[in-house]
Structure formats: structure tokens, C-alpha cells
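Biologist: Hi! Could you walk me through this one?
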Amino acid sequence: MSTSSSTGEGVDIESNLAHVRSKITEFETKYNRSENSVRLVAVSKTKPIELLMKAYESGQRRFGENYAQELMGKATEMPSDVEWHFIGPLQSNKAAPLVKKVGLDKLKCIETVSTMKLATKLDRAVETLWVDSPGIKLGIYLQVNTSGEESKSGLNNAAEACALAKEIATECPHLEIQGLMTIGAPKDFTCFDKLVEYRTQVATTVLDVDPQTLELSMGMSGDYEEAIARGTTSVRVGSTIFGNREYSNLTEK
């Protein structure tokens, strides 16, 4: 597995992807998970299109981006069957441009919704597109700060998650709550356990659905085994696939 270069030079994307996929399959078996029950989102922030295309040519279709402007640019250059997950902080004034530029056929999920202000902006943006794509809702995850760290964004507890879920379900008919997302603190795997618990509460007390129908987005390059052991359905892996990140040429922070 090669992850030596910050620019991607010398990084074997095909080999790295194969390694991550094999580990996901191994962990699914090890922890009695169903085959293909864990989705891989390749986190490609700051990486050039050339590296994304190498991943695409190796069969990867789901990519995660942290910056709205970067995602909007890449979406116009990558093949149309790529499914984009937005996984970074999203300013409410960039919600509409992101939705309208990328489109509902490509923008599969906003994983970082933790305020009604952002949800409302996204809902209104989707509404404007329903003339062309009626009935296609935008998938969202509720972001939860399970570690309690001030440096992390998100809802603080199950009560807040349930309250926001109820308000979105009532007031935002163009959005679909598809799951919950967290980053968690390094080596503190109780953060993952908390997200599982919060999912159960959101599903049973607010949405009246089977908790298993809601996604769990947790686990990154350094801890996705523990996340799989605890029930994640989506892991966000970047540096293990693309190498270390390069921020020097990034215009949007």
C-alpha cells in the first residue's frame, strides 16, 4: 500500500483501493456483518481530478468532498455516474449553489446537517429543482458531535438529534433523513456506540422506522475497523487511498 506523496505522485491508487476494500470485506466477516453492508466513500478533498479518475477507473463511484466550491468544480469534470457525498462544514449561503450546480442525480447526500437554518436552505434549493426532477429528495445525515469536543461540529446529544429530526421531517418535505454521521475523538470508540444509540432514538421516537434503515457514517482511515465492529454502514477513507493531503493550493477554506 502506497501513501507516500502529498501530491499523489507515486501513489498506487488501484492498489490502495484494493487494500481498503479487502480490509472492509475482512472486517465484515470478522464482526459478523453481512457481505457488502459497509459502503466505502473515498474522501478526495484537495486531490486533483487525475487521482480521482484513477480511483474511478478502479471501480470507485462514491466520493466525499469537504469544500463546496471544490465539489462543484469536480462534479463537472468527473463522469456523470459518480455519487457525491458532502462531508464538510457547509455554510448556509453555499447550500443553494451546491445543490443547483451539482444536481440531485449526482449529489447523493449532505452528511453534515446540524441546524435547521442549513436544512431550510437545502430544502428550498431542492424545491427549485423539482420542476425538472419532481419527487427526487436530497438525502441528508444528521451530524452529531459524539465526543463533546469544541473543535467538532454537530448536535450534542440524542435529544438535540431527535428535535432536529422532528423539525426537518415536518418542515422540509424535499429532504430525506437517511442517517447519522459523526467524526468522534481519536481512540475513543464510545463515540461510535453513542451514534448507534442516537440512531435508535431518532428512528423509533421521531421517524417511526426500523433503526437499521438509517445509515451510520462513522469511521475513517485510522479507525474504520472499530466502526465496522460497532455497526457503521459507511466509512470515509481518504489518506489511505490518495496519500497525504495538500492544502497549499486550496482557495476555499
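Biologist: What pLDDT does the chain average?
Modeller: The average is 93, and 93% of the residues score at least 70. Over residues 2-6, though, the pLDDT is below 50, and that stretch has 20 contacts in the model beyond near neighbours in sequence. Where pLDDT is low, the predicted coordinates should not be read in detail.

Biologist: Okay, backbone next. Where is Asn-32 found?
Modeller: Asn-32 is in the loop between helix H1 (13-30) and strand S1 (39-43). Its phi is positive, near 60 degrees, in a residue other than glycine.

Biologist: And is Asn-32 buried or exposed?
Modeller: Asn-32 counts as exposed because its relative accessibility is 73%, and the cut-off for exposed is over 50%.

Biologist: What about Asp-208, what's its phi?
Modeller: About 55 degrees, so positive although Asp-208 is not a glycine. Asp-208 lies in the loop between helix H7 (190-207) and strand S7 (215-217), and at 69% relative accessibility it counts as exposed.

Biologist: Switching to pockets: how much space lies in the largest pocket?
Modeller: About 470 Å³. Its lining has 25 residues, with Asn-66, Ile-87, Gly-88, Pro-89 and Ile-183 nearest the centre. By class, that lining divides into 8 nonpolar, 13 polar and 4 charged.

Biologist: And which residues lie nearest the centre of the second largest pocket?
Modeller: Arg-21, Val-38, Arg-39, Leu-40 and Arg-62, out of 13 lining residues. H1 and S1 are the elements giving two or more residues to this lining, and H1 has the largest share, with 4 residues. The lining has 3 nonpolar, 4 polar and 6 charged residues, around a volume of about 220 Å³.

Definitions and conventions: Residues are numbered from 1 along each chain as its sequence is written. This is a predicted model: local features need pLDDT of at least 70, side-chain atom pairs count only at pLDDT 80 or more; totals for chains, interfaces and linings use all residues. Side-chain values use heavy atoms; hydrogens and water are left out. pLDDT is the predictor's confidence in each residue, from 0 to 100. Contact means heavy atoms within 4.5 Å. Buried means under 20% relative accessible area, exposed over 50%, partly exposed in between (1.4 Å probe, protein chains only). On a 1 Å grid over the protein atoms alone, a cavity is a set of points where a 1.4 Å probe fits but cannot get out, and a pocket is an open set with protein on both sides within 12 Å along at least five of seven lines; lining residues have an atom within 4 Å of a point. Grid points are joined across faces, edges and corners, and a volume is the space filled by probe spheres set on the points. Ala, Val, Leu, Ile, Met, Phe, Trp, Tyr, Cys and Pro count as nonpolar, Asp, Glu, Lys and Arg as charged, and the others, Gly among them, as polar.
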